[in-house]
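Here is a briefing on one protein chain. Look over the fold before reading the notes.

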Amino acid sequence: MRADVEAAKADIEQSIELLRRRLDWEPALRKLDELNARVEDPSLWNNPDEAQAVSRERSRLAAQVDAVKALETGLADALGYAELADEEGDEDSLEEARAQLKAIKERAARAELEALLSGEADGNDAYVEINSGAGGTESNDWAGMLLRMYTRWAGAHGMTVDVIEETPGEQAGIKSVTLQVKGTNAYGWLKTEAGVHRLVRISPYDSSARRHTSFASVWVYPVIDDNIEIEINPSDVRTDTYRASGAGGQHVNKTDSAVRLTHIPTGIAVACQTQRSQHQNREQAWKMLRARLYELELEKREAAQAAIEDQKTDIGWGHQIRSYVLQPYQMVKDLRTEVETSDTQGVLDGDLDEFMGAALAQRVGATRDAKEGA
């Protein structure tokens, strides 16, 4: 077999072995059998909360096991195809086998990163807030570009996106938007995007075609289950109602259906305006507030484990994590990991996996180093 095919085979086998070790393969298979049996037991569904928890755990473990098995099957098929092509001297088929191996290697690399998503809420759906910075129309347009970027990233990974609240810009783009991204490991991946994003470009809104710098902030927190206990003193929460804006039919702008909740001790504020009634918006806003407070607690735990004083800064407001330069040259660079690419359009179209993967690996590595040094 050709040397390059052998090298690809060795790399993929190494990845598979690493995934098996991280998953603790044999016990994981036994655990999956147990969970399958529990899900098939009708009595489990007498307790909806427990049934949901078991189903979620089963789905997560099954996805990990299936990913490893799919890599093994794909590798065996591609090697068989390559061996046959090599024997027959069919260069076109051999090149196709190389392409298959390359795709499998990329899947294996992503599976390795997904194996790092072992945080308490990494498997959950995510809320994503995008806010434009100072700069008016320029920053509003940049926030709108980020909205499109994350929507396309989610769609490419089989996730769905719901707009919870949106405040449009006066001329273009958005002042702020809150999304709910639904999909496996949505929070685990998207949490690496929290921070300030900087855009440099020739402004399409400047008649003199001058270069402008715009900023927008991204905040990410997990959607939590109703059965997770987050105690909130109602007296600590201020409720404001206002008229919803944007599309929504005759109901919009005629009643104060939109709801904003402010948690006074922390200053955390959430808003919802997409439902038709104030009651529904209030219910959604309370879910978002519980999620924000839960995410705040997760951050405290992570900061304590990592023992890195600036960890909060790295994942929160006021810290630039990535620059998107469209003029005078083309470059997107992550300032945390030094990962960069000249394919700016690809990134703005949602090709974020390389940036997310590097940030995740760095984040997990920092936490592991802190634990070992403790």
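How many bridges join strand E1 to strand E5, and which way do the two strands run? Strand E1 (residues 126–132) and strand E5 (residues 211–222) are joined by 7 bridges and run antiparallel. This is a predicted model: local features need pLDDT of at least 70, side-chain atom pairs count only at pLDDT 80 or more, and totals for chains, interfaces and linings use all residues. Residues are numbered from 1 along each chain as its sequence is written, and side-chain values use heavy atoms, with hydrogens and water left out.

**Overview**

- The protein chain has 10 helices and 11 strands. Helices (H or I, at least four residues) and strands (E, at least two) are DSSP runs, numbered from the N terminus.
- Of the 374 residues in the protein chain, 43% are buried. Buried means under 20% relative accessible area, exposed over 50%, and partly exposed in between (1.4 Å probe, protein chains only).
- Take the contacts in the protein chain between residues at least 6 apart in sequence: 64% of them join residues at least 24 apart. Contact means heavy atoms within 4.5 Å.

**The sheet of 8 strands**

- An open sheet holds 8 strands in the order E2-E3-E1-E5-E4-E9-E10-E11, with mixed pairing. Two strands pair if DSSP finds at least two bridges between them.
- Strand E2 (160–168) and strand E11 (340–341) stand at the edges. Each has a single partner strand, so one side of each is left without a neighbour in the sheet.
- Axes are lines fitted to C-alpha atoms, for helices over the stretch in contact, and angles run from 0 to 180 degrees between N-to-C directions.

**Lys-182 in E3**

- Lys-182 has its place in strand E3. Its relative accessible area is 32%, so Lys-182 is partly exposed.
- Lys-182 touches Asp-125, Met-159, Thr-160 and Asp-162, leaving aside residues up to four places away in sequence.
- Lys-182 and Met-159 are 23 residues apart along the chain, and their C-alpha atoms are separated by 5.5 Å.

**Nonpolar cores**

- The largest nonpolar core has 59 residues; Ile-130, Leu-146, Leu-190 and Tyr-324 touch the most other members. A nonpolar core is a set of buried Ala, Val, Leu, Ile, Met, Phe, Trp, Tyr and Cys residues joined through side-chain atoms within 4.5 Å.
- Helix H5 (residues 137–156) gives the largest share of this core, 9 residues.
- Leu-146 touches Ile-130, His-197, Ala-216, Val-218 and Tyr-324, not counting residues up to four places away in sequence.
- A second, separate core of 29 residues includes Leu-61, Val-65, Ala-82 and Ala-97.

**Ala-97 in H4**

- Ala-97 lies in helix H4 (residues 91–114). Its relative accessibility is 0%, so Ala-97 counts as buried.
- Ala-97 touches Ala-78, Tyr-81 and Ala-82, not counting residues up to four places away in sequence.
- Ala-97 and Glu-83 are 14 residues apart along the chain, with C-alpha atoms separated by 9.1 Å.

**Helices H1 and H3**

- Two packed helices are described by the angle between their axes and the distance between the axes.
- Helix H1 (residues 3–23) packs against helix H3 (residues 48–88) at an angle of about 160°, and their axes are 11 Å apart.
- H1 and H3 are therefore roughly antiparallel to each other. Angles under 35 degrees count as roughly parallel, over 145 as roughly antiparallel, 65 to 115 as roughly perpendicular and the rest as oblique.
- Residues of H1, including Ile-12, Ile-16 and Leu-19, meet residues of H3, among them Leu-61, Val-65 and Ala-82.

**The sheet of 3 strands**

- A 3-strand open sheet has the order E6-E7-E8, with antiparallel pairing.
- Strand E6 (237–242) and E8 are the edge strands, and each pairs on one side only.
- From one strand to the next, the twist averages 15°.
- Strand E7 (residues 258–263) and E8 are joined by 5 bridges. Arg-260 has Ala-271 in E8 as its bridge partner, and Val-259 has Cys-272.
- The hairpin of E7 and E8 has 4 residues between the strands, and Gly-267 takes a positive phi near 80° there.
- In strand E8 (residues 268–272), 4 of the 5 residues are buried, so E8 is largely enclosed by the rest of the structure.
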